Amino acid sequence: MFPVKPSISGVVIDAAHPRRDQTDESLRVERDRSDEAVVKERETVEEKADEVIRVARRLADEVVQTARDGADRDLHSQSSPGAGVAAERAHADSVLEDNRSNEDEALKKHRSDRMNYLADFLAVERESTNRELIREREHTDKIIATRDEFLSTVSHDMRSLLSGLALNAGLLEKQAPEGEGGNKIRKYASASQRLVARMSRLVNDLLDMTSLEAGELALLPEQVGIGKILRDTLDAFEPIAAAKGVTLEGDAVPHPLEANCDGGRILQALANLVSNAIKFTPAEGRVGIWIRAEEDEIRFAVSDTGIGIPEDALLSVFERYRQVSKDRRGLGLGLHISKRIVEAHGGKMWAESKFGSGSTFHFALPIAKKSSPPI
């Protein structure tokens, strides 16, 4: 399962969704940036205001000092200034300093009050925003839950019907009489089986996407032999490749290799890559499956001599509903699902390609750690 614990700036949301952690983190980062910008702007304004006050006070002091110097000259021209004048000036300076100190304290308190008001305002505004977002998500979750329940029910019913169609087509192919009429029946029965297989794959992809979006992709990990996954893949796709005139080959490390994984899901991921490689490789081309052990991981690679992928599309090929080619036989979900399956196992998937020169899709899985023998 994909563990998901979404929240919005500390507000926990009951409805889980694998993409919401990213949304919440982006929202948190954006809010932090906004707060930082507001603080910097206020600091800049306050610094400018303080500078204005300092300049005004300096000018005032200069004016007072100039007036005093003039008064002193007048007094000297008449007689020596008395002690009373000095005391009076000291008292005036003390009163002025007290006034300025009181003004500074009042300004500091005013700024603190404004900061607290701003913080309270932002907290109230964000709480309101969070409530609205949670309410919207709850509404969306109800809609999605209804949709997913409907899709799941219909998909399971469709799979049952498709299984019946595949069985009937298989019986028609086996029981068709000999001769030209029988050959036509076998031809159409075989075509029907291929169409049913494609429809079944689309239905399975839709069900997998529903599970992925809900964060509920079930995995059943166990010790799986990698050689068996390779053999099963070759057995499944050799007839398909041969029918198209494509050579399919596989190579794995000679010694037994195991991974702690859901074998069926890894086979599904590898099968998606091989299926795409065969589909986009022309007749007389080659598709290869390579498996290697490197340090603490097992690396899979599926290469082909097909049409290749433009360099600017190498990352987007893993996006949902993304199709680089004009082929519209699928929904554009296979690579996205494969990548999510590999990532759910703690692995990674990437692609290398040069347009017109084929492609290679890689994915890596952690090597299974063997338990120590009992003492």
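The dialogue below goes through a few features of a predicted model.

Biologist: What should I know before reading the numbers?

Modeller: This is a predicted model, in which local features need pLDDT of at least 70 and side-chain atom pairs count only at pLDDT 80 or more, while totals for chains, interfaces and linings use all residues. Residues are numbered from 1 along each chain as its sequence is written, and side-chain values use heavy atoms, with hydrogens and water left out.

Biologist: How far apart are the end C-alpha atoms of helix 4?

Modeller: Helices (H or I, at least four residues) and strands (E, at least two) are DSSP runs, numbered from the N terminus. The expected span of a helix is 1.5 Å times one less than its number of residues. Helix 4, residues 226-244, has 19 residues and should span 27 Å; its end C-alpha atoms are 27 Å apart, which agrees.

Biologist: Where is the kink in helix 4?

Modeller: The bend at a residue is the angle between axes fitted to the seven residues ending there and the seven starting there. In helix 4 a kink of about 40° lies at Phe 237, shortly before the proline Pro 239. After the helix comes Gly 245, with a positive phi near 85°.

Biologist: Which residues of helix 4 are buried?

Modeller: Buried means under 20% relative accessible area, exposed over 50%, and partly exposed in between (1.4 Å probe, protein chains only). In helix 4 the buried residues are Ile 226, Ile 229, Leu 230, Thr 233, Leu 234, Phe 237 and Ala 241. Among the elements they pack against are strand 3 (222-225), strand 4 (247-251) and helix 5 (263-279).

Biologist: Which residues have the most contacts inside the largest nonpolar core?

Modeller: In soluble globular proteins, nonpolar side chains tend to be buried together. A nonpolar core is a set of buried Ala, Val, Leu, Ile, Met, Phe, Trp, Tyr and Cys residues joined through side-chain atoms within 4.5 Å. The largest one here has 45 residues, and those with the most contacts inside it are Ile 226, Leu 248, Leu 270, Val 274, Phe 300, Phe 361 and Phe 363. Helix 5 gives the largest share of this core, eight residues. Contact means heavy atoms within 4.5 Å. Neighbours within four places in sequence aside, Val 274 is in contact with Thr 233, Phe 237, Leu 248, Ile 289 and Val 302.

Biologist: How many salt bridges does the count come to?

Modeller: Side chains of opposite charge can pair when their charged atoms come close. A salt bridge is a side-chain nitrogen of Lys or Arg within 4 Å of a carboxyl oxygen of Asp or Glu. By this rule the count is 12. One of them joins Arg 54 and Glu 51 (2.6 Å, N to O). Both residues lie in helix 1 (residues 20-78), three residues apart, about one turn of the helix.

Biologist: Which parts do Arg 57 and Glu 103 tie together?

Modeller: The side chains of Arg 57 and Glu 103 meet in a salt bridge (3.4 Å, N to O). Arg 57 lies in helix 1 and Glu 103 in helix 2 (residues 83-175), so the pair ties together parts that are 46 residues apart in sequence. Arg 57 is buried, at 19% relative accessible area, and Glu 103 is partly exposed, at 48%.

Biologist: What does the side chain of Ser 353 reach at 2.8 Å?

Modeller: A polar contact is a pair of N or O atoms within 3.5 Å; within protein, one must be able to donate a hydrogen and the other to accept it, and residues adjacent in sequence count only if both atoms are side-chain atoms. Ser 353 lies in strand 8 (residues 348-353), and its side chain reaches the backbone nitrogen of Ile 309 at 2.8 Å.
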